[in-house]
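Please consult the sequence and the coordinates alongside the text.

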2 protein chains.
Amino acid sequence: MRTYSIGQVAGRSGLAVSALRYYDELGLLGEVPRRAGARQFPGTIFRRLALIRAAREAGFTLAEIKELLDQRPADNVRQQWEALAARKLPELDALIDRLSRLRENVANCLACGCLSLTNCVMLQSHQGA
Amino acid sequence: MRTYSIGQVAGRSGLAVSALRYYDELGLLGEVPRRAGARQFPGTIFRRLALIRAAREAGFTLAEIKELLDQRPADNVRQQWEALAARKLPELDALIDRLSRLRENVANCLACGCLSLTNCVMLQSHQGA
DNA sequence: GTCGATCCTCAAGTGCGCTTGAGGGCAACC
DNA sequence: GGTTGCCCTCAAGCGCACTTGAGGATCGAC
């Protein structure tokens, strides 16, 4: 079974060597065998890293991802994932909504020159109590 | 002309006292008069803070906001703002797009139980070279 | 005149996800 | 056997936007 050095994994995955070591330190990469001290990653590392990246981009923290990955396959991985995803979906939705509104406001301000400070949407909608 | 203590400004604006002092330190609040050492904010501070908040939420850094606010009113504030907004709009759009796609993927994964690891969109679209 | 609330400064700490640097090792190639 | 290249650990640093803590001043009320 072919294995990969940390440099090779970095090259293929696009992650920095330091990031991989950091993930390993956090325990995100599972058991990583060593030969003469050097890490020897199995081919399955790429799928794992892809999952980590996808989860990161979806807004999960590394701690949450670890929590997820720590489940043994036999355990309730799926339930865990569903729980995390279900928790994150509304957050994602809210974020997208908020950003969309802001985008509108920024565009409006571009049009109105809101720093003239008279009737800008952004200013009005955020006025303190 | 009524003035406000830092605590009052914090209360009204929802910002922490420490954050206000931090903004002041960065020069975001302009000239703030003092009496016996204590800051005495004019009523206009709330509008200014609202602008700062709006800009922050739109993704501007405090440094960018300072750059913007440092322009004297007579200067090209409007040009500056337009430049910043124009620079930020595409970033906002890209971010919104990315998040929307992720939202879809997370929703799909929720449906497919992607951690069974066979044919998940998220995994496939992020597979390394 | 002293208590408590509020204010001040300055330095250091926090959280997250890494990166950087110092100091060192092993393995292969020439 | 020396050089190159990749690997290692451990500790510290970074960026951003703050927060926290130590140590101290000032004010009004009682």
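In which helix of chain A is the place of A:Ala10? A:Ala10 has its place in helix H1 of chain A. The model is a predicted one, and every value below is computed from it.

**Two residues in their surroundings**

With 17 other C-beta atoms within 10 Å, A:Ala10 is partly exposed, because a residue counts as buried at 20 or more such atoms and as exposed at 12 or fewer. When residues up to four places away in sequence are not counted, A:Ala10 touches A:Leu15, A:Ala16, A:Val17 and A:Leu20. In the other chain, B:Arg21 lies in helix H2 of chain B. B:Arg21 is likewise partly exposed, with 14 other C-beta atoms within 10 Å. The table gives one C-alpha separation for each of these residues.

| Pair | Distance along the chain | C-alpha separation |
|---|---|---|
| A:Ala10 and A:Gly27 | 17 residues | 17 Å |
| B:Arg21 and B:Asn108 | 87 residues | 45 Å |

**Chain A and its helix H3**

Six helices and four strands form the secondary structure of chain A. Read from the N terminus, the order of these elements is β-α-α-β-β-β-α-α-α-α. Of the 129 residues in chain A, 23% are buried. Among contacts in chain A with a separation of 6 or more, 48% join residues 24 or more positions apart.

Helix H3 of chain A covers residues 45-57. After H3(A) comes A:Gly59, with a positive phi near 105°.

In soluble globular proteins, nonpolar side chains tend to be buried together. The largest nonpolar core of this model contains 18 residues, and B:Ile45, B:Ile52, B:Ala55, B:Ala58, B:Phe60 and B:Ile65 have the most contacts inside it. At least two residues of this core come from each of helix H3 (45-57), helix H4 (62-70) and helix H5 (77-112) of chain B. H3(B) contributes the most, with six residues. B:Ile52 is in contact with B:Tyr23, B:Leu28 and B:Ile65, leaving aside neighbours within four places in sequence. There is also a second, separate core of 16 residues, with A:Leu51, A:Ile52, A:Phe60 and A:Leu68 among them.

**Surfaces near the DNA strands**

Around DNA strand C there are 18 residues, of which A:Ala16, A:Ser18, B:Ser5, B:Gly7 and B:Arg39 come nearest. Helix H2 (17-26) and helix H4 (62-70) of chain A, with helix H1 (6-13), helix H2 (17-26) and strand S3 (38-39) of chain B, each supply at least two residues of this surface. By type, the surface near DNA strand C has nine nonpolar, six polar and three charged residues.

DNA strand D is surrounded by 19 residues, the closest being A:Ser5, A:Gly7, B:Ala16, B:Ser18 and B:Ala36. Two or more residues of the surface near DNA strand D are given by each of helix H1 (6-13), H2 and strand S3 (38-39) of chain A, and by H2 and H4 of chain B. The surface near DNA strand D divides into nine nonpolar, seven polar and three charged residues.

Definitions and conventions: Residues are numbered from 1 along each chain as its sequence is written. Chains are lettered from A and ligands numbered from 1 in the order in which they are written. This is a predicted model: local features need pLDDT of at least 70, side-chain atom pairs count only at pLDDT 80 or more; totals for chains, interfaces and linings use all residues. A nonpolar core is a set of buried Ala, Val, Leu, Ile, Met, Phe, Trp, Tyr and Cys residues joined through C-beta atoms within 7 Å. Two residues are in contact if their C-beta atoms, placed from the backbone, lie within 7 Å. A residue is near a molecule or strand if its C-beta atom, placed from the backbone, lies within 6 Å of it. Ala, Val, Leu, Ile, Met, Phe, Trp, Tyr, Cys and Pro count as nonpolar, Asp, Glu, Lys and Arg as charged, and the others, Gly among them, as polar. The expected span of a helix is 1.5 Å times one less than its number of residues.
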